[in-house]
Amino acid sequence: MTGPVTFRVPPTVPGSRVLAFGDYQPARVVTNDDLAEMVDTNDEWIRSRVGIRERRIAAPEETIVDMAVQAGGKALATSGLTPDDIDLVIVATCSAETPMPNHAASVAYRLGLNAPGAYDLNSACSGFCYALSAADSAVRTGAARNVLVIGAEKMSQWLDWSDRSTCIIFADGAGAAVVAASDAPGVGPVVWGSAGDQSDRIMIKGRESFILQDGQAVFRWATTAIAPVALEACERAGVAPRDLAAIVPHQANLRIIDAIARKIKAPDAVVARDIVTAGNTSGASIPMALARMIERGEVPSGAPALLVGFGAGLAYAAQVIQIP
Amino acid sequence: MAVATEQEILDGLAEIIDEIVGIDKSEVTPEKNFIDDLDIDSLSMVEIAVAAQDKFGVEIPDDELRNLKTVKDVINFVQNLQK
């Protein structure tokens, strides 16, 4: 007969940090003028309401896995780790072509990783911040040593290209981060939450449907509810907003980004405005934007960056990280 | 909250509009139409409504916002709800 036993658990790790970011954008550029030929819109209207100048749209045969592999491979190469070092892959996506298999396992295989744990996570536009938090937890509890976190989206396959309220906004791409154990925590506590009473504000109803969005209601929510979440993430991490080197909100709409940044009051922070040339790539937008800011040398290594994701759910999450 | 006078609401609104869309306070007068005279679009109106909510303690939902065409409309709306 057996009785209660005490399980052995791995020793906890003090913290995790991001070693490197990577990004990928599909080749095809779609300008506002291109869209004006398809729907009743124009360059001036799109720029002033949404802030997008151009976006990238994946080729018909290009998949979420393809894009995730590109961004993930770039982050892995920059991190200095080898494929064998990665023991967990998390892909955040809300635009999957099919419910299974998951994307993470295929991405791991294509990158030549050694049979890591692999799962997808769906929290739409806030997905990357949720996935980063999951990676941080996995490292700190000893469940994984090094995690590849990817946000990858092919929003274009869920767009009604005759709906001018959505087809001008969403786009495709992928961004990735390599998260590893660290004696000094480089990923701050996550602040997250949801407002499921507004679940119908941004949705895809079914497989024959498209992305539907109540733009004005989402705008009101995002410009009021999200800055307090971001400020709480700073507070929880013990970082004063004035010390932030970067603010990287989900690239939903330039006007939302500006409204959030204005309320955070971080005079020295570079505010991500990747939406101008990338569009709204949902769960991919935050790592894409930060990867590109780092690549352009806009933000100093080691300084704190505030990440804040928000969108369908409605769901949101924010954390402060140390820029690799 | 004490009921604000028409002038107080106008001044408060002008401050909000200056901060959000950068229109000089002197431009904001009661007869001005937000869209036609001040060139303020629907998204800015949402931001202004939210800021007005903080300032005057009066909620302006999206449904009501559509009917507020002029500065005077907003002043009346705020005054009616504050009473």
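**Note on the predicted A–B complex**

1. The contact between the two chains draws on nine residues of chain A and seven residues of chain B. On the chain A side, helix 6 (215–237) and helix 7 (254–264) each supply at least two of the residues that touch chain B, and the largest share, six residues, comes from helix 6 of chain A. Sorted by class, this side of chain A has three nonpolar, three polar and three charged residues.

2. This is a predicted model, and the contact should be read with the predictor's own scores beside it. The complex is given an ipTM of 0.80 and a pTM of 0.93. For chain B the mean pLDDT is 89, with 96% of its residues at 70 or more. Among the elements of chain B, the highest mean pLDDT, 91, belongs to helix 1 (residues 6–21), whereas the lowest, 88, belongs to helix 3 (residues 62–65) of chain B.

3. Within chain A, the axes of helix 3 (residues 64–79) and helix 4 (residues 103–110) come within 9 Å of each other and cross at roughly 50°.

4. From helix 3 of chain A come A:Ile64, A:Val65, A:Ala68, A:Val69 and A:Gly72, which meet A:His103, A:Ser106, A:Val107 and A:Arg110 in helix 4 of chain A. By class, the residues of this contact divide into five nonpolar, three polar and one charged.

5. Helix 9 (residues 285–295) of chain A is largely enclosed by the rest of the structure, because nine of its eleven residues are buried. The buried residues are A:Ser285, A:Ile286, A:Pro287, A:Met288, A:Ala289, A:Leu290, A:Ala291, A:Met293 and A:Ile294. Just after helix 9 of chain A, A:Gly297 takes a positive phi of about 70°.

6. Is A:Asp183 buried or exposed? A:Asp183 counts as exposed, because it has 9 C-beta neighbours inside 10 Å, and the cut-off for exposure is 12 or fewer. A:Asp183 lies in the loop that runs between strand 7 (172–182) and strand 8 (191–194) of chain A. From A:Asp183 to A:Pro83 the separation is 100 residues in sequence and 22 Å in space, taken C-alpha to C-alpha.

Notes:
Residues are numbered from 1 along each chain as its sequence is written. Chains are lettered from A and ligands numbered from 1 in the order in which they are written. This is a predicted model: local features need pLDDT of at least 70, side-chain atom pairs count only at pLDDT 80 or more; totals for chains, interfaces and linings use all residues. pLDDT is the predictor's confidence in each residue, from 0 to 100. Helices (H or I, at least four residues) and strands (E, at least two) are DSSP runs, numbered from the N terminus. Ala, Val, Leu, Ile, Met, Phe, Trp, Tyr, Cys and Pro count as nonpolar, Asp, Glu, Lys and Arg as charged, and the others, Gly among them, as polar. A residue is buried if 20 or more other C-beta atoms lie within 10 Å of its own, exposed if 12 or fewer, and partly exposed in between; C-beta atoms are placed from the backbone. Axes are lines fitted to C-alpha atoms, for helices over the stretch in contact, and angles run from 0 to 180 degrees between N-to-C directions.
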